[in-house]
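Open the model in your viewer and keep the sequence beside it. This tour tells you what to select at each stop and what is there.

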Amino acid sequence: MPTPHDPNVLPTDLPAPQDDGGARHLAGLRLPSVPLAATDGSTVDLSALKGRTVVYIYPRTGVPGRPLVEGWDAIPGARGCTPQSCSFRDHFAELKGLGVDQLFGLSTQDSDYQREVVTRLHLPFPILSDQALGLTQAIGLPTFSVTGMTLLKRMALVIDGGVIGKVFYPVFPPDLSAAEVVAWLRTKQ
């Protein structure tokens with residue numbers, strides 16, 4: 001039986017994900033119109049947003065004290081959604097200062113579950129739900145399945161006016177995801 005865990009702490013022996021080519025087709029892709037529910041109650045269509053948008057994508061967040069999915073830590077790239085979210089929270093002002101107009105998290109979890117995460121982690125941005133897999137299927141986001149759930153592989157996208165300009169994939173370690181995006185944005189100043 002899985003044991004309770006602290007989602008803020010990453011084990012030191014996590015397996016690193018390998019680049020399986022699953023995101024190779026995304027750079028340069030114009031996003032289709034796919035409305036996504038956001039934790040702030042709005043609906044967001046990433047294809048229609050003006051300016052620069054950063055979307056970090058993750059499999060699923062855990063809840064402190066609740067057990068992980070059996071074998072979760074052994075799945076390369078699965079563990080670390082809370083630290084990744086916190087890294088974007090902690091770099092939020094810096095990202096805005098580097099010209100990011102919108103920042104979102106994205107997972108296949110429902111908005112109610114995601115709202116708990118936004119509140120608990122004090123995220124200053126909404127998380128988008130692709131629970132119906134509309135965006136995932138429309139653009140071929142890489143996924144994996146575990147215990148009957150279809151989950152997104154971890155990545156980050158920089159989107160300019162509805163076109164994906166940069167893809168960070170795979171992302172590891174997840175707690176450095178935002179710093180990697182910041183470093184890339186600095187080279188574009």
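Contact here means heavy atoms within 4.5 Å. Helices (H or I, at least four residues) and strands (E, at least two) are DSSP runs, numbered from the N terminus. This is a predicted model: local features need pLDDT of at least 70, side-chain atom pairs count only at pLDDT 80 or more, and totals for chains, interfaces and linings use all residues. Residues are numbered from 1 along each chain as its sequence is written, and side-chain values use heavy atoms, with hydrogens and water left out.

**Stop 1: the sheet**

Show the strands. Two strands pair if DSSP finds at least two bridges between them. Seven strands make an open sheet with mixed pairing: 7 strands in the order β2-β1-β5-β4-β3-β8-β9. Look at the edges, β2 (43-45) and β9 (163-168): each pairs on one side only. From one strand to the next, the twist averages 35 degrees.

**Stop 2: β3 and its partners**

Select residues 52-57, strand β3. On one pairing, β3 runs antiparallel to β8 (residues 155-160), over 6 bridges. Find Ile-57: Met-155 in β8 stands opposite. Move on to β5: β4 and β5 run parallel, joined by 3 bridges. Leu-106 stands opposite Leu-128 in β5.

Buried means under 20% relative accessible area, exposed over 50%, and partly exposed in between (1.4 Å probe, protein chains only). In β4, 5 of the 6 residues are buried, so this strand is largely enclosed by the rest of the structure.

**Stop 3: Arg-52**

Stay in strand β3 and select Arg-52. Is Arg-52 buried or exposed? Arg-52 is buried, with a relative accessible area of 18%. Its side chain makes a polar contact of 2.7 Å with that of Asp-160. A polar contact is a pair of N or O atoms within 3.5 Å; within protein, one must be able to donate a hydrogen and the other to accept it, and residues adjacent in sequence count only if both atoms are side-chain atoms. Not counting residues up to four places away in sequence, Arg-52 touches residues including Gly-99, Asp-101 and Leu-185.

**Stop 4: helix α3**

Select 111-121, helix α3. Colour Ser-111, Gln-114, Val-117, Val-118 and Leu-121: they are buried. Seen down the axis of α3, these buried residues fall within an arc of 110 degrees (taken from the directions from the helix axis to the C-beta atoms), so they line one face of the helix. They pack against β1 (35-38), α1, β4 and β5 (127-129). Turn to the other side: Asp-112 and Thr-119 are exposed.

Check the ends. Asp-110 caps the N-terminal end, with a side-chain oxygen 3.0 Å from the backbone nitrogen of Asp-112. After α3 comes His-122, whose phi is positive, near 55 degrees.

**Stop 5: the cores**

A nonpolar core is a set of buried Ala, Val, Leu, Ile, Met, Phe, Trp, Tyr and Cys residues joined through side-chain atoms within 4.5 Å. The largest one has 25 residues; Tyr-56, Phe-88, Leu-95, Leu-123 and Val-181 have the most contacts inside it. β3, α1, α3, β8 and α5 (177-187) each give two or more residues to this core. The most come from α5, with 5 residues.

Apart from this core lies another, of 23 residues, among them Leu-36, Leu-135, Leu-157 and Tyr-169.

Note on methods
Axes are lines fitted to C-alpha atoms, for helices over the stretch in contact, and angles run from 0 to 180 degrees between N-to-C directions.
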